[in-house]
Amino acid sequence: MIISEPSPVIASLSLQRCIEPGCRASYGINERLYVCSRCGGLLDVELSEEQIGEARSLRSLWRERRRSFDVPDRSGVWRFRELLPFGDSPPIVSLGEGNTPLYEGPRSASYCGLDALQLKHQGCNPTGSFKDTGMTTAVTQARLLGVRLLVCASTGNTSASLAAYAARAGLLCAIMVPEGQVSHAKLAQSLDYGAKVLEIEGNFDACMRVMRELAHDESIYLVNSINPFRIEGQKTVAAELAEQLDWQVPDHLVVPGGNLGNSSAFGKGFHELFKLGLINRVPRITIVQAAGAAPFANLFLKHERELTIEVPSFDIVNLDHPHTLASAIKIGAPVSWKKAWRALHWTGGQVLTVNEQEIADAKVMVGRDGIGCEPASATTVAGIKKLVAKGAIKNDEQVVAVLTGHLLKDTDYVIKYHSQQLTISEEGIPENEQRIVGNFSNQPVKVEASQSAIKKVLERVHVQLLCLLKCASRLLLRIWGRALIALG
Ligand code: F0G
């Protein structure tokens with residue numbers, strides 16, 4: 001079986017199309033556009049329906065490719081290239097992205113009140129976040145278009161990813177970030193990968209505005225998630241996840257929401273897989289936003305009953321001063337909100353918010369599963385806990401939380417949490433919510449460098465563990481006793 005040749009059928013049939021129902025203008029696949037030139041609507045890459053016949057035979061081909069040593073086959077994105085709009089032998093720029101683990105998270109599950117919880121760890125990508133799955137396709141498209149300078153606005157992860165992929169492609173890149181609001185780890189990545197780092201006084205939304213204006217210049221290529229080729233790469237994660245679950249989709253897929261590209265991509269991914277007959281239902285997509293940066297959750301609250309509409313005509317009310325310590329999703333004007341709405345429409349989805357304390361505690365629980373993630377990713381586990389508590393997710397349902405970034409992306413946050421120094425002091429936050437309590441804090445112990453001193457500390461840990469075990473067994477006995485009484 002030939003497993004490294006791109007499918008010739010699909011690419012030639014792709015085009016770009018405006019998502020606005022009243023417009024639906026279409027454009028060639030190699031036109032350098034970000035939004036519809038007729039109405040300003042968001043653009044989709046559209047694959048031809050004629051693929052359906054062939055797609056059914058692709059499951060085994062995709063799986064087989066994992067055994068190959070060819071770069072496109074090894075990539076968890078390009079392995080699914082029949083779902084992508086690229087022609088024969090595109091000049092692929094890859095760092096071996098995708099193929100990320102789907103972990104069981106038993107401690108996170110019990111924290112949420114679930115029988116089981118699976119964690120799809122997108123932080124295990126080459127630059128430590130999910131952005132790589134979209135950057136490989138966007139930078140490949142840039143090469144096809146012959147652009148030399150790539151740009152993005154970022155809260156840190158998009159920029160780190162772009163910097164790496166541009167370096168890999170030998171292209172120039174400039175990233176714009178809000179000064180003092182990006183974690184050092186993310187900034188360090190961009191610097192080492194050789195990006196021109198532009199810091200502005202202002203937030204992510206201001207960066208995004210400037211970059212969109214700049215991108216009118218023909219020599220510059222914008223690779224934020226408004227670029228439909230980013231979404232194409234990211235949507236393959238839906239196929240990868242479905243494959244990991246033997247093509248049975250979970251009941252719920254839970255993702256954090258910032259600029260709303262990722263939720264849009266999952267929506268498109270599952271919708272296409274369903275249309276292709278590769279899955280027989282779609283998971284319900286839940287988007288979780290930080291309470292202080294939740295324009296989309298506000299919109300959902302107001303218009304939930306209009307979820308029957310695929311692409312809404314009403315508008316979102318942006319926030320001028322979003323705030324959250326989950327800096328990756330500190331966004332007040334999400335660019336892709338209409339596509340995210342469409343994802344909710346397709347999957348019967350929902351949106352909710354979680355506060356800073358909930359995010360911080362949930363993050364530790366993901367860590368206790370030996371996995372870890374950055375704060376923005378932990379909104380998912382915090383959100384699931386809330387939904388289980390109110391009965392919106394049943395404890396025996398199959399739930400997958402998408403962890404979007406690696407634990408090491410924001411160590412400053414981690415250290416502050418564990419040393420009870422995590423605070424958010426923004427206007428509008430009540431004083432009693434400004435300090436985040438380290439409910440599960442785990443502080444380093446200063447100890448003399450002698451055997452006896454160390455043993456004493458370890459004995460204390462041992463006693464604490466035994467106490468914990470005793471409490472847990474007492475609790476179990478009580479539950480068991482109650483169950484026996486209930487059974488008569
Ligand atoms: N999680 C992480 C770790 C992120 O970095 C982001 C977005 C999100 C979630 C939200 O994803 O925007 O697709 O809804 N980070 C962007 C950046 C904004 O510039 O790195 P989204």
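**Ring pairs and a ligand site**

Student: How many aromatic pairs does the count come to here?

Tutor: The count comes to 8 aromatic pairs. Keep in mind that this is a predicted model.

Student: What about Y111 and F440, how are their rings set?

Tutor: Their ring centres are 6.1 Å apart and their planes sit at 80°. Planes over 60 degrees apart count as edge-to-face, so that is what this pair is.

Student: Where do Y111 and F440 lie?

Tutor: Y111 is in helix α5, residues 106-112. F440 is in the loop between α16 (411-418) and α17 (451-486). The pair therefore ties together parts that are 329 residues apart in sequence.

Student: Which N or O atoms of the protein lie by the ligand's oxygen atoms?

Tutor: An N or O atom in the N157 side chain is 2.8 Å from a ligand oxygen. For N262, a backbone N or O atom lies 2.8 Å from an oxygen atom of the ligand.

Student: And how much of the ligand does the protein bury?

Tutor: The protein buries 99% of the 470 Å² that the ligand exposes when taken alone.

Student: What is the space taken by the ligand?

Tutor: That space is the largest cavity.

How values were computed:
Residues numbered from 1 in each chain as written. Predicted model: local features only at pLDDT ≥ 70, side-chain atom pairs only at ≥ 80, totals over all residues. Heavy atoms only, no water. Polar contact = N/O pair within 3.5 Å; in protein donor to acceptor, adjacent residues only side chain to side chain. Areas by Shrake-Rupley, 256 points an atom, 1.4 Å probe, with all protein chains shown as cover. 1 Å grid on protein atoms, 1.4 Å probe; cavity = no way out; pocket = protein on both sides within 12 Å on 5 of 7 lines; lining within 4 Å. Sits in = over half its atoms within 2 Å of the grid points. Phe/Tyr/Trp six-rings, centres within 6.5 Å; stacked < 30°, edge-to-face > 60°. Helix = DSSP H or I, 4+ residues; strand = E, 2+ residues; numbered from the N terminus.
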